[in-house]
Amino acid sequence: MASTGQFAIVTGASTGIGLELARCCADEGFDLLIAADEPEIERAAASLRAGGAKVEAVQADLATSEGVEELYAAVKGRQVDALLANAGRGLGQAFLDQDLSDIRRVINTNVMGTVELIHKFGNEMRRRNAGRILITGSIAGFTPGSFQAVYNASKSFLNSFSFAIREELKDTRITVTCLMPGATETEFYARADMLDTRLGTDKKQSADEVAQAGFDAMMNGEGDVVAGWSNKMRAAISHVLPSSVLAEQHRKLAAPGTAKH
C-alpha cells in the first residue's frame, strides 16, 4: 500500500509479534521506525522494505534509559501517529534459581522501558491531542506465574497500566489499546529457556494472527483484545478461580520437565 504519511514506531520488531505488527502497519500505509536490541532488526527492516514500506531501523536496548533516548533521537522530531510498545523479554525456571541480572533485565525491558517510551511519546500526543498507543500485555498477567513469576508479574503491570492510562485519556483523541496474547508461535520460549515445558512445546497461535487482532483493535480505538477463542476462555477462567489454584495450574505448564514427548 502507498504511504499515507502517517508514522508509527514498533518496538521488539525483529521477530514474532513485533515484526508482524510492523507488517500490519506497513500494509496500512504507515511509514515505520522499528527497534530491537539485536542485529536482526536490520533484516526485519529489509523484509518490510521489500514489500514497499518506508522503514528505518534502530538497534537499541530499551531496558535502559540510554536505549530509550536513542530511539527517541531516531524519530528526529517527527509526529508519531502510533506507538506500538511491544518489546518484551521472558524468563522461565523457578524464581530463586534465576540470575538476578536476568530478573532485572525482564523488569527493565517489560516495565520501565515501556513506561519511559509511553511517557515520552504520550506527552507529545497529548500536546496535539491525537495518537494511538498499543501495549503488548498478556493473558499471563491474569495468572500468578509459577516458574515464570517475574514475567507474569511484569505483564500484570502492563495490563493494569494500559487500562489506567486509557481511563486518564478518555476525554482526549488519544487511544490506548492492550493486546493480550496467549501462547504464540515465536522465539519467546527458546529465549526464555522454556523448551522443556508444556508452554514451550504445546501448539500455539500464529504471530501474524495475534498481531492482526491487536492492530485492528488499535485502529478501532478498542481498549483491549485477547487474541484467540481459547485464550478468551483462559482469561475468563482466571477471573473466577482463586490465585492459589491458578498458580498450581501454571506449574503444570511452566515447570521444567513438563513438556509432552
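**Exercise 1.** Find which residues of helix α8 are buried, and work out where they sit around the axis.

*Solution.* Start with the cut-off: buried means under 20% relative accessible area, exposed over 50%, and partly exposed in between (1.4 Å probe, protein chains only). In α8, that picks out Ala207, Val210, Ala211, Gly214, Phe215, Ala217 and Met218. Next, look around the axis: these residues cover an arc of only 160°, so they lie on the same side of α8 (the arc is taken from the directions from the helix axis to the C-beta atoms).

A word on the model: it's predicted, so local features need pLDDT of at least 70 and side-chain atom pairs 80 or more, while totals for chains, interfaces and linings use all residues. Residues are numbered from 1 along each chain as its sequence is written, and side-chain values use heavy atoms, with hydrogens and water left out.

**Exercise 2.** Classify the aromatic pair Tyr72 and Phe121, and say which helices hold the two rings.

*Solution.* Rings of Phe, Tyr and Trp (its six-membered ring) pair if their centres lie within 6.5 Å; planes under 30 degrees apart are stacked, over 60 edge-to-face, and the rest tilted. Here the centres are 5.3 Å apart and the planes at 50°, so this pair is tilted.

Terms used:
Helices (H or I, at least four residues) and strands (E, at least two) are DSSP runs, numbered from the N terminus.
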